[in-house]
Amino acid sequence: MNDIDEKSLDSYRALLLMAEISTEEPISQRELSRRLGIALGLVNSYLKNLVGKGFVRVKNFPRNRYAYLLTPQGIAEKSRLAYQHLGYFSSLYTIARQDYLVLFRSLHAQGIRKVAFCGVDEVAEIAYLSLGETGLELVAVMDDDAAGGTFFDRPVATLAMGLLSGNHRIVVTSLKRGAALRQELLRLGVDPGMIYHADGPKNK
């Protein structure tokens, strides 16, 4: 899905961050990192950038707790980004739908009939729609953050538990956390050749 450029992804992450802090509740950068699925250092960088532009201000609480508040300029910028990303989501849907369809058809042509999804977000939902057109069976859905929930009536397991379901081809189904999910799968001992992204397996 290289058609979604880094600049669009960057502003999309900024929008997600601004949406998270718009509630004005005290929240740590570590918690923001967990919710958004991006590195802690990246959260810090985004916040500094937003503060520097006058979109966010920091409010101190006792015991070193902080709340990040949107300024009036920040509220306006959040609205602007939300409108801008209506087009982004349209592009994301079209590109992801086609890329996953190509991947699943390729796997089917190789005689593969069962796959597991790794990562639950809006991209996973798009991938699931493409899967339904190819005759492949979804046998497991894995995501540490969403474990215990459901995905189209299927239980979501942790990565470690999901891997116990069998030695299936694993399709990474998150754009935001794709690299991190792949690294965690490798750490858990998955063969790199068994991990697929929408633009094919990553063997490096």
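1. Helices (H or I, at least four residues) and strands (E, at least two) are DSSP runs, numbered from the N terminus. The model is predicted: local features need pLDDT of at least 70, side-chain atom pairs count only at pLDDT 80 or more, and totals for chains, interfaces and linings use all residues. Residues are numbered from 1 along each chain as its sequence is written, and side-chain values use heavy atoms, with hydrogens and water left out.

2. Overall architecture. The chain comprises 7 helices and 9 strands, and its C-alpha trace spans about 55 × 35 × 35 Å along the principal axes. Of its 204 residues, 43% count as buried (buried means under 20% relative accessible area, exposed over 50%, partly exposed in between, with a 1.4 Å probe and protein chains only). Where contact means heavy atoms within 4.5 Å, 59% of the contacts between residues at least 6 apart in sequence join residues at least 24 apart.

3. Surface and charge. The accessible surface amounts to about 10,900 Å², and 51% of this belongs to carbon and sulfur atoms; areas come from the Shrake-Rupley method with a 1.4 Å probe, and for residues only the protein chains shown count as cover. There are 25 positive and 22 negative side chains, the centres of the two sets lying 4 Å apart. Lys and Arg count as positive and Asp and Glu as negative, while His and the chain ends are not counted; the place of a charge is taken as NZ of Lys, CZ of Arg, CG of Asp or CD of Glu.

4. Nonpolar patch. Val 51, Val 58 and Tyr 66 form a nonpolar surface patch with about 220 Å² of accessible area together. Patches are made of residues with over 30% relative accessible area and no salt bridge, like charges being joined within 9 Å and nonpolar side chains (Val, Leu, Ile, Met, Phe, Trp, Tyr) within 5 Å. Val 58 belongs to strand S1 (residues 56–61) and is partly exposed, at 39% relative accessible area.

5. Phe 152, in the loop between strand S5 (150–151) and strand S6 (154–157), has a positive phi of about 50° although it is not a glycine. Asp 153 lies in the loop between S5 and S6 and has a positive phi of about 70°, again without being a glycine. Phe 152 is partly exposed at 38%, whereas Asp 153 is exposed at 76%.

6. Arg 80 is partly exposed at 43%, while Glu 77 is buried at 15%.

7. Salt-bridge network. Asp 143, Asp 145 and Arg 177 are linked in a network of salt bridges. In the pair of Asp 143 and Arg 177, the closest N and O atoms are 2.5 Å apart. This pair links distant parts of the chain, 34 residues apart: Asp 143 is in the loop between S4 and S5, and Arg 177 in the loop between strand S7 (169–172) and helix H7 (178–187). Asp 143 is buried, with a relative accessible area of 1%, and Arg 177 is buried at 12%. For Asp 145 and Arg 177 the corresponding distance is 3.8 Å. Asp 145 is partly exposed at 45%.

Key. Salt bridge = Lys/Arg side-chain N within 4 Å of Asp/Glu carboxyl O.
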